Amino acid sequence: MKMGARVTAVLLMLSFFASMVGAQWLKAYATFYGGSDASGTMGGACGYGNLYSTGYGTNTAALSSVLFNNGKICGACFQITCDSTRVPQWCLKGKYIKVTATNYCPPNYALPNDNGGWCNPPRQHFDLSQPAFESIAIYRAGIVPIYYRRVTCLKQGGIRFTINGNDYFELVLISNVGGMGDVVAAWIKGSKTGWEPMTRNWGANWQSNSYLNGQSLSFKVQISDGQTRTAYDVVPSNWRFGQTFSSSVQF
C-alpha cells in the first residue's frame, strides 16, 4: 500500500472511532419492518426515496414521534445495541449496528403503549429494517430493549440536491449528509440572486418560492452541531425538475 493510501486509511479509521465515542447511551426499544431484503422500507417520511440507490442501504430506521421530531431528525445516525442484561435469550451479545433515520413510526392509539402501541408518545422507539434488527437480535424476539446513542454519519461522496416542484416552488431534497446528518437550516442562491433562506417542507425536503429557472444554483447547508458547508454552482443553469446533483462538499 502506498503512503498516501495508508494515511487515508488511518484517517478514515480514526474518524470512524471518533464517531463512536462521546454521546450518552440512552434506553429505548426496537422492532423491525420491511421484510428480509428491507424493500418495504423504501420511500419513507424523510423523502429519500430508493434507499438502495441513494446510498442509505438497509441500515435504516423509522423513529417514534418523540425522536422523529416532525422530520428534524432525518439523516441523523445512531448506534444501537440490544440490552442483553434484560433479554439475554433474544440479544446477540456484543453486536452493534449503525443506522440512519429515514422514516417515521406513527403512533397506534388503538393499542396500549406496552402492547403493540410501540411508537406511541412518549416512547422512544426504533422500528429498524429487518436486516438491521437481525444484526443485534434474534428474529423471533419481535421487540427488544436497546441502548442507543447519536453518532456521526460517514458518507461517500458529497452532499446531494434533488430538485422537484415547479416554477416559483423549488422543493429540494438534501441527502447524503455526513457529520451529524440532520440539516437544521438551508439557503439557496441563483446566479442572478443573493442568498435566500429555505424552509423545511417535509422530512429532508426544503423549499424556495423564488423563480430560479435558467440560473445556476448554489446551496448552503447547516447541520445540528452548527457546521455549515457551501456548494457553489453545484446545479448548472440548464437544470430541470426531477434531477439530482452531487456536490464536492461534505461534513
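Guide: The account below treats the disulfides, then the aromatic pairs, and then the charges placed over rings.

This is a predicted model, in which local features need pLDDT of at least 70 and side-chain atom pairs count only at pLDDT 80 or more, while totals for chains, interfaces and linings use all residues. Residues are numbered from 1 along each chain as its sequence is written, and side-chain values use heavy atoms, with hydrogens and water left out.

A disulfide is a pair of cysteine sulfur atoms within 2.5 Å. By this rule there are 4 disulfides. If the bonded cysteines of the protein chain are numbered in sequence order, the pairing reads 1-2, 3-8, 4-5, 6-7.

Consider Cys46 and Cys74, which are joined by a disulfide with an S to S distance of 2.0 Å. This pair links distant parts of the chain, 28 residues apart: Cys46 is in the loop between β1 (26-33) and β2 (60-63), and Cys74 is in the loop between α2 (65-68) and β3 (77-82). Such labels refer to DSSP runs numbered from the N terminus, helices being H or I of at least four residues and strands E of at least two. The torsion about the S-S bond of Cys46 and Cys74 is about -85 degrees, so the disulfide is left-handed. Both Cys46 and Cys74 are buried, where buried means under 20% relative accessible area, exposed over 50%, and partly exposed in between (1.4 Å probe, protein chains only).

A further disulfide is formed by Cys77 and Cys153, with their sulfur atoms 2.1 Å apart. Here too distant parts of the chain are linked, since Cys77 is in strand β3 and Cys153 is in the loop between β6 (144-151) and β7 (160-166), 76 residues apart. The torsion about the S-S bond of Cys77 and Cys153 is about 120 degrees, and the disulfide is therefore right-handed. Cys77 is buried, with a relative accessible area of 3%, and Cys153 is buried at 2%.

In the disulfide of Cys82 and Cys91, the sulfur atoms are 1.9 Å apart. Its torsion about the S-S bond is about -60 degrees, so this disulfide is left-handed. Cys82 and Cys91 are both buried.

We now turn to the aromatic rings. Rings of Phe, Tyr and Trp (its six-membered ring) pair if their centres lie within 6.5 Å; planes under 30 degrees apart count as stacked, over 60 as edge-to-face and the rest as tilted. The count by this rule is 12 aromatic pairs. One of them is the edge-to-face pair of Phe78 and Phe126, 5.2 Å centre to centre with 70 degrees between the planes. Phe78 in strand β3 and Phe126 in strand β5 (residues 125-129) are 48 residues apart, and the pair links these distant parts of the chain. Phe78 is buried at 4% relative accessibility, and Phe126 is buried at 0%. The ring centres of Tyr168 and Tyr211 are 5.0 Å apart and their planes lie at 40 degrees, so that pair is tilted. Tyr168 is exposed, with a relative accessible area of 53%, whereas Tyr211 is partly exposed at 40%. Phe32, Phe133 and Tyr139 form one aromatic cluster.

Finally, a charge sits over a ring if NZ of Lys or CZ of Arg is within 6 Å of the ring centre and within 35 degrees of the ring normal. Arg123 lies over the face of Tyr29, at 4.9 Å from the ring centre, and Lys220 lies over the face of Trp195 at 4.7 Å.
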